[in-house]
Amino acid sequence: MAEPIRDRRDQPRPSSDVGVEKTGKQAERIVREGAATLSVSGGKSVSCKHISTVNSLRQTQCTRNSQKGENLLSLRLHRPCFTAVQNRFRYANVTADTDWKRLVQDHPWLLTERLVVKPDQLIKRRGKLGLVGVNLDLEGVKEWLKTRIMKEAMVGKAKGILKNFLIEPFVAHKQEEEFYVCIYATREGDYMLFHHEGGVDVGDVDSKAMKLLVGVDEKISADTVKSQLLTHAPADKKEMLTSFLVGLFNLYEDLYFTYLEINPLVVTKDGVYVLDMAAKIDATADYLCKAKWGDVEFPPPFGREAYPEEAYIADLDAKSGASLKLTLLNPRGRIWTMVAGGGASVVYSDTICDLGGVNELANYGEYSGAPSEQQTYDYAKTILSLMTREKHPDGKVLIIGGSIANFTNVAATFKGIVRAIKDYQNPLKEHEVTIFVRRGGPNYQEGLRVMGEVGKTTGIPIHVFGTETHMTGIVGMALGHRPIATQPQVAAHTANFLLNTSGGTTTPASSRSASFSEVKTGSENLSAQKIRAGLPPAKSTTLFSNHTKAIVWGMQTRAVQGMLDFDYVCSRKEPSVAAMVYPFTGDHKQKFYWGHKEILLPVYKNMADAMKKHPEVDVLISFASLRSAYDSTIETMQYPQIHTIAIIAEGIPEALTRKIIKMAEEKGVTIIGPATVGGIKPGCFKIGNTGGMLDNILASKLYRPGSVAYVSRSGGMSNELNNIISRTTDGVYEGVAIGGDRYPGSVFMDHVLRYQDTPGVKMIVVLGEIGGNEEYKICKGIKEGRLTKPVVCWCIGTCATLFSSEVQFGHAGACANQASETAVAKNKALEEAGAFVPKSFDELGDVIKSVYDNLVAKGVIVPAKEVPPPTVPMDYSWARELGLIRKPASFMTSICDERGQELIYAGMPITEVFKSEIGLGGTLGLLWFQRRLPRYACQFIEMCLMVTADHGPAVSGAHNTIVCARAGKDLISSLTSGLLTIGDRFGGALDAAAKQFSKAFDSGMLPMEFVNKMKKDGKLIMGIGHRVKSINNPDMRVQILKDFVKQHFPATQLLDYALEVEKITTSKKPNLILNVDGFIGVAFVDLLRNCGGFTRDEADEFVEVGALNGIFVLGRSMGFIGHYLDQKRLKQGLYRHPWDDISYVLPEHMTM
């Protein structure tokens, strides 16, 4: 299983950082950062002082870990393999603000031991740069730091400030006690390298070191380590080294490392010392390893500062299902980008650098995955804020670009950008910013229209372009290398597919004959069965046909409907989706459209039922989340009928992806993904959202086969390839996006070989990228004659070699770990091998057209006659979103809006509700009265709720609630039974009292006249009278409210009128007082009429509709709930009314 070891000299290499100062037979060695450098797989870097995993190997810098993390750390240290590690918990961090007295108190060994000091900022080759102080005492360390701390240093191309330093005990040892060990991940397994000579003089360990490949899902054994790695190790140290290396590998696996290098590893009679280490962890395994890792920080590479805006966007990204990335390269630069899509963002950066803009490129970033309007607004305003802080003499440009989206609503995301532009319109004009926009995808026409309109209304120069313009064409315009093109007129909406004009109910006939290489259904199924009879099964050349049936894992109704619409426009006889699997509901049917007819597709709770009932299915499309994608994929591969699986999820840990790949190889299953949009075979089948909506399907002629097949990593860029190929050739035969992860389930060559063996494919297009070495297999295939069809290839990421510091691009796998993995090197190798390689992505379409035209001229390709495709009805929801139709709403509301990023009460965001401290009364004012009420009004409302909260268990509402509670009813039922008693006789007098007193007062009736009229009419005066309280025993609730109202209300005419009425009624009977209901009713009328927030008509309307009774209902609900909880807490049994409290009487006719 041996393989040539990759040259990792461009990775962090402690072996080249060792400073050596020999004294006699001993060597004093200090190496870079101890165990304090960690890189995250995918290009991020992390200082291991914030992660317990590295500290479990060498106990340094764990002070910022949580207690839990330290405990886990300590447990790992006491594993048998690590009990010999000596230099644990011995380090001190130093910055310009360090209090040396406190530092010595915390680390007394600083005064007693010889020391080593070095910067802790992810710097390579510190020893050679004079950045390591060796064998010093504490005073020597201070003197050494004086000339370096907060000083500027040049490391390669990067220039930065030395801010953070590390002090560790000096470890004296002999040369022969140094060793080298490294573990790193590859697609087929993990390699462990060991060399019996470590340190700065280790040389080319890739050729010297003994190596051992531990395959995926295989276990390492002590015997294997001893026999294959330790053949040259000293005999007296073999047992200790064996134990350590086995434990080290197990820890590497357990904590999801992808790279771990220790040099030197010192082994003495006392035990093991890990003097320096560089490592990478798989950041996507955070959900598995969070408790083990502790809190991980990801500092930027040396020479690039950590900006709070980057952290802000990273936080937005973590909270969102979308992808939001931002890296600041040169905040003073004049060229800023806001690009949609991981692949597209790299292409735009490449083009800017190709056109000489590398020194002015201010940022790298991307937004993708259908971010909401609010998320896009937050992202855009961050960039606009950054670019309008410093002026540039030549003005600035903002490039808002992207490929053709598959499923993102372009208009929706542009709304967020437009909001940000409006907010920053003055700074943008002041800084002379010109904006260039190019985008395509769902509803892009509306997005471009809105973007153009904001340019006209704000006066900011905004140039907008759609899919008719090459994706990177706006870069040349922005940088002045080409004239700004005249903006073409585009359709106002995405409406190229409307109702079926044929009037028939059957699927329309095909618009173009299928490729002559198309495999017939019967023979294809037969061959698949024969293939599966062998061991191991071989993978099929044809993945999809116009008879392919799929199961979709996940409730992705929009993606499924898109597949069915594609099937319909391709003139398939039956839908390509046979069923869906969704574990979170029971078995049921889901409604979809087939053309204009409604159909039902079955949804199953478990995979087994779906497979059993649909044996014709051979493709599974998995929309499972990153956490469940592994388990669901492994389960799927247990069913031999499945030969292709598309995994859409991004962020599956690499170790789990490798296990999926291994099982797929064993079972002959083709994996597309992870981190992909899928693939498409025009006229036959498409995976999920691939190809976008129907307007793009039609525009790119994906409803019928062409002659060009492509393979790409990027999903967004695959759609751009559809556009480019459709404009320069007769169209796409098949296209696959293998995914942006480091280990895609299938690689470029897998699909290129399929295309080579497919007669209908006449030429091949490959869009590679920086990172990995799969493109070299294409070079080999061309040179060896295995690939004979023309191959057009371009690798994106050429800008990476021009940046002074490492930049992690949008895809996890887009990171070069060695020179041969750079895009520049791969493009050169492909051209030398005989592939057609353009000079830049700008020229890709031209090269594709040139190769195609040549094939047409030779007669290899005979373009078919184009026939208009069938039309498909548009979904109602999409048509409404495009503004093509309108429908009266079933409901109208004006008090609350939950649709945006933030809940809004009557126009006031919920964050503002809390910031303003308006309280419950103010919230009620917003929701009930649609007003921001004065402070005294909010307080009065809260007081009313407090005084009406309860009035004991004897009142009818509380009584009902208690009886219900004791009958075993639930809270809602018990509360409802109490509320149903509220009316004119109990608690519901607020509205009636307000109406009666208001009518009398407004008509000019004197209080005595009002009392006499009510008596004459035989009506009770609502709000007057109490069964217990009287003029001699006043209700303190009323008194409290009266004092507050008199003190704070601007006017109390109606209250004063009611109090005059009370004087008349109490003169006749002392308990005919103005009770709490009546007081609140009349006081509330005074509030509404005099607070300044309402007109007289509005105030009267609130009284008329019953708003005041709501105060009593809301307040008394608190008391009713209290009684319910009280009865449950007291465990009271079923209530039965006593006989002696009931008067049993006979009917009158029986007593006579």
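The following legends describe close-up views of a predicted model.

Because the model is predicted, local features are reported at pLDDT of at least 70 and side-chain atom pairs at pLDDT 80 or more, whereas totals for chains, interfaces and linings use all residues. Residues are numbered from 1 along each chain as its sequence is written, and side-chain values use heavy atoms, with hydrogens and water left out.

**View 1. The whole chain, for orientation.** The chain has 1152 residues, of which buried residues make up 57%; buried means under 20% relative accessible area, exposed over 50% and partly exposed in between, with a 1.4 Å probe and protein chains only. Its secondary structure comes to 40 helices and 39 strands, which are DSSP runs numbered from the N terminus (helices H or I with at least four residues, strands E with at least two). Among contacts with a separation of 6 or more, 74% are between residues 24 or more positions apart, a contact being heavy atoms within 4.5 Å. The accessible surface comes to about 48900 Å², and 53% of this area belongs to carbon and sulfur atoms; the areas come from the Shrake-Rupley method with a 1.4 Å probe, and for residues only the protein chains shown count as cover.

View 2. The structure holds 21 aromatic pairs, where rings of Phe, Tyr and Trp (its six-membered ring) pair if their centres lie within 6.5 Å, and planes under 30 degrees apart count as stacked, over 60 as edge-to-face and the rest as tilted. The rings of W928 and F929 have centres 6.4 Å apart and planes at 70 degrees, so this pair is edge-to-face. W928 is partly exposed at a relative accessible area of 31%, while F929 is buried at 1%. The rings of F929 and F1084 have centres 6.0 Å apart and planes at 35 degrees, so their pairing is tilted. Since F929 lies in helix 29 (residues 919-929) and F1084 in helix 37 (residues 1076-1090), the pair ties together parts that are 155 residues apart in sequence. Both F929 and F1084 are buried, and one aromatic cluster is formed by W928, F929, Y936, F940, F1049, F1084, F1094 and F1102.

**View 3. The charged end of R419 over the ring of Y377.** The charged end of R419 sits over the Y377 ring, 4.0 Å from its centre. The criterion requires NZ of Lys or CZ of Arg to be within 6 Å of the ring centre and within 35 degrees of the ring normal.

**View 4. Two nonpolar cores.** A nonpolar core is a set of buried Ala, Val, Leu, Ile, Met, Phe, Trp, Tyr and Cys residues joined through side-chain atoms within 4.5 Å. The largest has 102 residues, and those with the most contacts inside it are I621, F685, M763, V765, V766, I778 and F841. Helix 17 (residues 557-569) supplies the largest share of this core, 7 residues. A second, separate core of 67 residues includes F179, V181, A624 and I645.

**View 5. T458 in helix 14.** T458 lies in helix 14 (residues 444-458) and is buried, with 6% relative accessibility. Its side chain reaches the backbone oxygen of V454 at 2.6 Å. Leaving aside neighbours within four places in sequence, T458 is in contact with Q425 and K429.

**View 6. P371 in a loop.** P371 lies in the loop between strand 20 (363-368) and helix 11 (373-387), and at 6% relative accessibility P371 counts as buried. The C-alpha atoms of P371 and S323 are separated by 7.4 Å, although these residues are 48 apart along the chain. Not counting residues up to four places away in sequence, P371 touches A322, L324, T376 and T413.

View 7. Most residues other than glycine have a negative phi, and most peptide bonds are trans. The peptide bond from N263 to P264 is cis, with omega near 0 degrees, and P264 is found in strand 15 (residues 257-268). Another cis peptide bond joins G673 and P674, with omega about 0 degrees; P674 is in the loop between strand 30 (670-672) and strand 31 (679-681). L122, which is not a glycine, has a positive phi of about 55 degrees and is buried at 16% relative accessibility. K1131, also not a glycine, has a positive phi of about 55 degrees, but K1131 is exposed, with a relative accessible area of 71%.

Notes:
Polar contact = N/O pair within 3.5 Å; in protein donor to acceptor, adjacent residues only side chain to side chain.
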